[in-house]
Amino acid sequence: MYALGVAIDATLITLVLALAAFGLAIIFGLIGVINMGHGAMLTAGAYITWVCQTNGVPFLLAVLVAAVAVAVIGLVLEHVLIRHFYDRPFETLLLTWAFFLITTEVIKIIFGPEFRSVTNPLPDAITIGGIHVPAYRAAVALFALALIVTSAVVLYRTSLGIKIRGLIQNRQMAALLGLNIGLTYKLVFMAGCFMAGLAGGLITPMLSIDPYIGNVYLVRSFFVVAVGGVGQLLGGTMIGSFLIGGSETIFAVVSEQAVAQTIVFALAILVLRLRPRGVLTPR
Amino acid sequence: MTTTSSAIPAGRAGRSRRLLTENAAAVAVFAILGVLPLLFGGYVIYILPQYMLYGVLAMSLALMWGYAGILSFGQAAFFALGGYTMGLVMQAIGAPEAAYLGILVAATIGAALAALVGYFLFSAGVRDTYFVIVTLALSIMVEQIAVSQSQITGGWNGMFVDRMDLAFGPLGAVSLWDDWAIYYVVLPVVALVYGVLRWQIQGPFGKILAGIRENEDRMVALGFRTPLYKTVAFAVSGAMCGLAGALYATHASFVSPSLGGVLFSTEIVVWVAIAGRQSLLAALLGGIVVASLSNYLSSVAPEYWQLFLGLLFILAIVFFRGGVAGVFAQLGRPRGGE
């Protein structure tokens, strides 16, 4: 009974974390940019959702608006700064970090440091095997699963996916074969930002929003991607999320939340050291 | 940081001239800092030692980022660790000499943790970009532990630390309660740290670090055990942060979890990026000047100041890789020099 509760909890947390990390996984895995602004994009998505909802926009539409808005912000960032630095990963890391600083400040200026909360559209609980599960959390988890599987299908079963994968494998050859590299990079970057905004909007009913909620999600998302294996969008994100989020849930049973997170971060660093290319990739 | 970056003028003559000017500038800076308490009093003299310790933090980052080419977002973690260590040691041992032990232990713990994390990652050849995130995680971990283990650290309320005395064993002790007294303790320590670091950086150690920054594979091929050098650099950097943290704690008489946090770590990176990462003096001044300006302007226009810093940071990365110091070096360079 108790074990089932922990298992359900771990599954939900895994899937929600996978959703939060997915935008980072796309950008890092496909075009090699560590988007340090990922956390700020989640936060921006959350705040835009909050603004829309307080102005009477239905929740799902609000989330969609947030995702599109963050994608547009991402497009501007990519076009003005990032595209000039694709061959210098370290510079893109610093620039996206600057984006994080500026976005967080702008959010603080506009909304102030107070906590905000979004009304939960599905406040009820459903019962699985005698365990009460918040309906909204379950819905988001299912959505995350669907989203990641769909993205994997696009990447591995469509011609757009073939183009993107070809680009990753050999940029020069892809260009010679007539692929518009700049445009494809832009699309991928925007897709990642869209996912970040979407995740930011969807997590809002589960926690209270402040300008720094993205901070911890950035590091967690990064560890999800690094532990799962960069570029392993489907399996890597899932396994990484399970190892980071799931184990945090399990450790949180025996110790405090903050200690559990510290243990998990330490374990993630250990994995980075022993398997720098992720647990899925053979050494 | 695999691409080359050079704020170094071409030719032996140019280099020695710049060397001379930086040494002269350093002497001037420390001389000015030395006479300031004679001209000013009150708040300026109270707060300056803290900014000088921020300067030490900035130098510790410049050593890693500017010389070895490895960016760390975890300097604040070592700083906070040093501060808490100082507080705990002084609490545990009542004697006035405990302060020395506290400083020593703080620097040692900073060095040890940095060496541990550094060797663990560098020896496996973990990518520089991963190192950034690991050190960022380190900051988050220290902050969270400081908050959650409140029975030891006081949690969000922070921890009070006594202002240390300058004890001379049986000869008695000099109280440092006066702000100018502790000013003249902190200043020589900062000057000493700068001097020793600069001396080492000019020597073989600095050259090896620069070699690693410019082309690590080549350094490996030349037979250098690069993980070892990177680890030593990070350990020195961690020790500097621990030392600065300990002195900061006893000066401010207070440590709080936010000293180890991500935001403070980020500020250090911004100071160094704007001031110039390849000059220790620039980093030191960056810490002092940007922190003072932050303090002043955050009372005038708090939000916009942070925004402005962010924009400056972008400009520094995109256009002025050497920061303000790099711009000066560029101006001083003879025409057609490179």
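**Reading burial, salt bridges, strands and an interface**

Analyst: A:Glu78 has a relative accessibility of 1% and therefore counts as buried. The term buried means under 20% relative accessible area, exposed means over 50%, and partly exposed lies in between (1.4 Å probe, protein chains only). The model is predicted, so local features need pLDDT of at least 70 and side-chain atom pairs count only at pLDDT 80 or more, while totals for chains, interfaces and linings use all residues. Residues are numbered from 1 along each chain as its sequence is written, chains are lettered from A and ligands numbered from 1 in the order in which they are written, and side-chain values use heavy atoms, with hydrogens and water left out.

User: Which residue does A:Glu78 meet in a salt bridge?

Analyst: Side chains of opposite charge can pair when their charged atoms come close. The rule asks for a side-chain nitrogen of Lys or Arg within 4 Å of a carboxyl oxygen of Asp or Glu. Here A:Glu78 meets A:Lys186, at 3.4 Å from N to O. The two belong to distant parts of the chain, 108 residues apart: A:Lys186 is in helix H8 (residues 181–203) of chain A and A:Glu78 in helix H3 (residues 59–80) of chain A. Helices (H or I, at least four residues) and strands (E, at least two) are DSSP runs, numbered from the N terminus. A:Lys186 also counts as buried, because its relative accessibility is 17%.

User: How many salt bridges are there over all chains?

Analyst: The count is seven. One of them joins A:Glu114 to A:Arg116, with the closest N and O atoms 3.3 Å apart. A:Glu114 is partly exposed at 44% relative accessible area, and A:Arg116 is partly exposed at 21%. Another is formed by B:Arg213 and B:Glu214, at 3.0 Å from N to O. B:Arg213 is buried at 7%, whereas B:Glu214 is partly exposed at 23%.

User: Which way do strands S1 and S2 of chain A run, parallel or antiparallel?

Analyst: Two strands pair if DSSP finds at least two bridges between them. Strand S1 (residues 125–128) of chain A and S2(A) run antiparallel and are joined by four bridges. A:Ile128 stands opposite A:Ile131 in S2(A). Two residues lie between the strands of this hairpin, where A:Gly129 takes a positive phi near 55°.

User: How much area do chain A and chain B bury between them?

Analyst: Buried area is the accessible area (1.4 Å probe) that two parts lose on being put together, summed over both. For chains A and B the value is about 3800 Å², with 82% of it on carbon and sulfur atoms. Between the chains the count of salt bridges is zero.
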